[in-house]
Amino acid sequence: MATNVASGAHNFKVVLLGEGCVGKTSLLLRYIEDKFNDKHLTTLQATFLNKRLNINGKRINLSIWDTAGQEKFHALGPIYYRNSNGAILVYDITDEDSFGKVKNWVKELKKMLGSDIVLTIAGNKIDLEHERTVPLEEAESYANMVGAKHFYTSAKLNQGVEDLFLDLTKEMLNKSEQTSQMDVSRTSQVLVVDDELTPVQTSCCSGSKSN
Amino acid sequence: MNEEALLARASEERERIFQRYERGRENLVGQIDPWEDPEFEEYHKTDRYGFIHDERLPQKTGSQKVNIEVEREKKWVKMLGNWDTSATKEKLHRRIYKGIPNSLRIKVWCKLMDVNKVKSANPGKFQEMLKLAKLWSTDVRQIDSDVNRQFREHQFYRERYSEKQCSLFNVLCAYSMYNSEVGYCQGMSGLAGVLLMYMDEEDAFWALAVLLSDKKYAMHGLYIEGFPKLTRFLEHHDKILTKFMPKLKHHFDKFGLDAILYSLKWFFVCFVERVPFSLCLRVWDIYLLDGERVVTAMAYNILKLHKKAIMKLNDMDLIVNYIQVKLHKDFGFEDDFVIYQLERSMDELKRAKLDYPGQPPPTELPKRQLGIFVEPDKKQKIGQRAENFSETEKQARATVILRERGISYNDTVLTGTGATVNSIQGNLLKREKAEMELHELRVSQSDTVSEHSGVAAGMRCDDSVSALGSRRSLADTSVTSTADLSVFSSGRSHAPDNSLDTHSNVSDDATGSDGSGICGLSIQRAPSTTHSTPRATPHPPSVSPLSDDIVRIHVTYNPLAASPSHLTPINPSKYKGYNDEHHKPVSLGFYPSNGAMNLPSDNRIRIQVPSEELLTPVVDSGRIITQRFIDHRSEMYDLK
């Protein structure tokens, strides 16, 4: 699945999800090509880029899938996040609605993939800090609650991007090593549905509505 | 922020964006972020269509070719002068397939779409829509962001707030008011972007309107909520693959590669940025002449031409990269050759009656009158996103999830009589998984999850028609035999199935069976760890090393079935190898109401396998007695 035993390399699939215009493609381009936005094209069809990493002598190959952000396209989500080892949920710190959308994605991914997927939340556009509308504490405590790491990034100024991907990769590596140990004794896979999460989240979402 | 403040903010944002386009590049000196404005020095060469390349031009335009085009121009000019004559009609097809001379493309395209007619029937409409957009459009932010990245490697669109960028913005904003059901949908910037390379603002607006609402193109259904036309065309595309390129289809399936992942832009924007632009224009020429079926045929044509190369790629990422990126950069075949092949593909599909997915159903056509202003509600104005998926979207998601499992609502395999053991069991597996996920989805949508049984409790089929169909097909393939028919899942390779290893109990109330056979039929799924059960060994062609499940279908034969009282399934646990309680099969129970009379007297089994690739094991009492390719025609095989 995630590990290619023959070559000794780990292959991880990561999917970038988030509302339109939050900067998913910019983050990806910054990370892969260290570029910001020149020639950058709309992401209508999910595209992916590869990145090779070496962490503690382990060779890792990331294929990072970028998706269309416009709300209409979210219905196609399952096609994109299926078989993902990690997801980066991006929001724009100046757009509280885009943060609400992150919550929806978290909910959906938890339901559909259980704890098999490593979640990371990225608050992008910190270069626009003065326009921030998503409170810092709210974002971080939410991430904490759902067991996701939270990062602040600016694709434009190249802040936090490297850390974001590096940390996610390490988490995926941990998870895959744990899983492969478990695999030995395991005979079946059971979907983990995080029931406790639901009521907490509902209150959370209704909270954001009244903002 | 309270509602008023949010409304004010959204409206201020809209005005700000509009203002910048109105002022244009010249008046925004010093106000354009450097990142929005790539330097021209980065590029070197511009091709004849206006695209700027940082390397040597991909295709040499030989002098001979230019001469041919000059010759053709003369003929075309003449033909344009006598457009509505029978002589033109006669020549049009052949000439368009040869390619419209680039200098005359604008005129011919306008003729083919009848742009002038629509435009003159609606004087002032475009300006009116644009004015409304300035006051009301809720799509301005997304449009602005897409204009900032559409065709940025083209000289017209390279500079931020350039004339063509402003036109693109205006066309899309005006259209978002004109067609209130669609508004703006990503992808439309690609269509309008191409049109604007050849047309002025107003013509491009009307051409876009024709592409969406004229029945010949009917792209409206692609861009509305839930993308009904996309799923319909993809389903048809899958059908074509299954029929004409089963090996390739199998190859895609092996890597879990759904057609959406490589073909979205084929359907959405008619191959823009998926094939080289010169070829794309040739396809557009033909598309504008012949309409929807061109897209279907070209999709088939691309895969046909590149089948060999794709079959060599053993990784989903590699395949996607090849189809999406490589073919855009370099298609590998001359445009003329591709078009020649396209025509042949169209003929081939036509002969198989697969050239056209059919008239668009009313749901894919505009319901509201076009060009009538509908005031957006508060939520839309603020730009608030929906908390949950709408019913339409839920259905689209369901379709997408079912697609992933290779099941479609109208799948003939499931409803027709030519059922196949391989595909049935595959589909059943897939269906189970899909249903599990759908179940999950419903749960997550309703937020009322209280228990996750994972097994029988949640297993109710949404789509009762196709569920019935699948049962019926199973009944068809069965089966009066002493044979214990074991088949293996052809397996989706690397699906880490959360919902695996559950036994679904699809109960049957006996009305679904057509009475063609009497049997107790049970299906068992076992995780891969039980590969070593004595009943069977996986047969290599259909089981990938990563395949994680096996299916067994037990057909119990009851020779005393003449009396309905005997129609109880034999408990499969009597068989050796089924001591393990955990893997106890679940009876599917196909009991015909009147079945006893139809019981054939011999021990023969009827199997039909359409696949040329998969060996079908025929198993008797746990031993594989034969593995063979079975003919397309349904035949009777004597197991003795």
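Q: Is Phe271(B) buried or exposed, and why is it counted that way?

A: This is a predicted model, and the idea is to compare a relative accessible area with a cut-off: a residue is called buried when the value is under 20%. Phe271(B) has a relative accessible area of 0%, so it is buried. Phe271(B) belongs to the loop between helix 14 (259–269) and helix 15 (277–290) of chain B, and its phi is near 75°, a positive value in a residue other than glycine.

Q: Where is Asn83(A) found, and what is its phi?

A: Asn83(A) lies in the loop that runs between helix 2 (77–81) and strand 5 (86–92) of chain A. Its phi is near 65°, which is again a positive value in a residue other than glycine. Because the relative accessibility of Asn83(A) is 22%, this residue counts as partly exposed, whereas Phe271(B) is buried.

Q: How should I read a helix, and how many residues of helix 10 of chain B are buried?

A: In general, an α-helix has 3.6 residues a turn, so residues three or four places apart point the same way. Helix 10 of chain B, residues 201–213, reaches 18 Å from its first C-alpha to its last, close to the 18 Å expected at 1.5 Å a residue. This helix is mostly covered, since ten of its 13 residues are buried; among them are Asp203(B), Phe205(B), Trp206(B) and Leu212(B).

Q: Which residues form a positive surface patch, and which element gives the largest share?

A: The patch is made up of Lys75(B), Lys78(B), Lys91(B), Arg94(B) and Lys98(B). Two elements of chain B, helix 2 (63–81) and helix 3 (86–98), each give two or more residues to it, and the largest share, three residues, comes from helix 3. Lys91(B) sits in helix 3 of chain B, and with a relative accessible area of 32% Lys91(B) is partly exposed. A residue needs over 30% relative accessible area to be part of a patch.

Conventions. Residues numbered from 1 in each chain as written. Chains lettered and ligands numbered in written order. Predicted model: local features only at pLDDT ≥ 70, side-chain atom pairs only at ≥ 80, totals over all residues. Heavy atoms only, no water. Patch = residues over 30% accessible without salt bridge, like charges linked within 9 Å, V, L, I, M, F, W, Y side chains within 5 Å. Areas by Shrake-Rupley, 256 points an atom, 1.4 Å probe, with all protein chains shown as cover. Salt bridge = Lys/Arg side-chain N within 4 Å of Asp/Glu carboxyl O. Lys, Arg positive; Asp, Glu negative; His and termini not counted. Charge placed at Lys NZ, Arg CZ, Asp CG, Glu CD. Helix = DSSP H or I, 4+ residues; strand = E, 2+ residues; numbered from the N terminus. Buried < 20%, exposed > 50% of the residue type's maximum accessible area, 1.4 Å probe, protein only. Expected span 1.5 Å × (residues − 1).
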